[in-house]
Amino acid sequence: MGGVKNTLSFASAGANLFICFGSLRQLYHITLLVETIDFHGGISLALLIFGIGSVVSVLLSAKVIDTHLRGLIVSMLACGVLAMSLLVFLGGINGLSHLAFFLWGLAFGPLVTMYQTAVSKQVTDAKAVATSVQSSVFNLSIMVATWLGGLILVHLPHIGVLGIGYLSIICFLPALVIAFLAKRTLTK
């Protein structure tokens with residue numbers, strides 16, 4: 001079993017390296033978004049509002065994750081769709097763009113915890129392996145999404161950073177539908 005543990009540790013470390021690169025790239029995307037929508041308060045205020053939303057959602061999710069996992073996942077995905085829609089379609093309106101960054105923080109904060117809880121509720125044996133694989137897949141998805149965002153910026157400059165918002169909406173919607181329809185799986 002030691003070989004499996006070491007392999008999973010190596011894979012997890014590699015995925016964490018990619019997420020670090022992804023996070024740096026995402027900061028660049030957020031900076032471009034703030035400039036594109038002419039966000040009142042600049043990048044510092046946008047990140048502060050996002051961070052407050054994240055902290056609020058983590059605190060709220062800690063209270064309801066064991067009893068309302070499906071509702072929590074659906075709510076967080078809905079916040080993500082709403083946040084990206086506000087930023088893409090109404091981002092230049094002060095107040096709404098601030099609300100969008102807060103909702104984005106709400107959507108982002110408990111993601112890892114929600115998905116690890118969902119996975120651990122589905123498996124009876126080897127929960128550590130299952131959650132490690134889930135974490136690696138999650139980190140891989142962030143890397144791929146960040147890469148796609150970079151491709152949008154480079155190859156579709158006429159769409160620009162708002163194209164990343166469109167991509168986010170396109171990704172959030174099927175996830176929202178799947179989570180909503182997964183009543184039996186997520187309410188176990």
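**View 1. The largest nonpolar core holds 42 residues.** Within this core, Leu33, Leu87, Phe101, Trp104 and Met114 have the most contacts. A nonpolar core here is a set of buried Ala, Val, Leu, Ile, Met, Phe, Trp, Tyr and Cys residues joined through side-chain atoms within 4.5 Å; buried means under 20% relative accessible area, exposed over 50%, and partly exposed in between (1.4 Å probe, protein chains only). Two or more residues each come from α1, α2, α3 (69–90), α4 (96–108), α5, α6 and α7 (162–181), and α3 gives the most, with 13 residues. Helices are DSSP runs (H or I, at least four residues), numbered from the N terminus. The model is predicted: local features need pLDDT of at least 70 and side-chain atom pairs count only at pLDDT 80 or more, while totals for chains, interfaces and linings use all residues. Residues are numbered from 1 along each chain as its sequence is written, and side-chain values use heavy atoms, leaving out hydrogens and water.

**View 2. Meet the partners of Leu33.** Setting aside neighbours within four places in sequence, Leu33 is in contact (heavy atoms within 4.5 Å) with Leu87, Phe101, Trp104, Val161 and Leu162.

**View 3. Here is helix α6, residues 127–155.** Buried residues in α6 include Phe138, Ile152 and Leu153.

**View 4. Asp38 and Ala126 have positive phi.** Most residues other than glycine have a negative phi. Asp38, at about 55°, lies in the loop between α1 (2–36) and α2 (42–64) and is exposed because its relative accessibility is 61%. Ala126, at about 60°, sits in the loop between α5 (111–122) and α6; at 48% it counts as partly exposed.

Methods
The expected span of a helix is 1.5 Å times one less than its number of residues.
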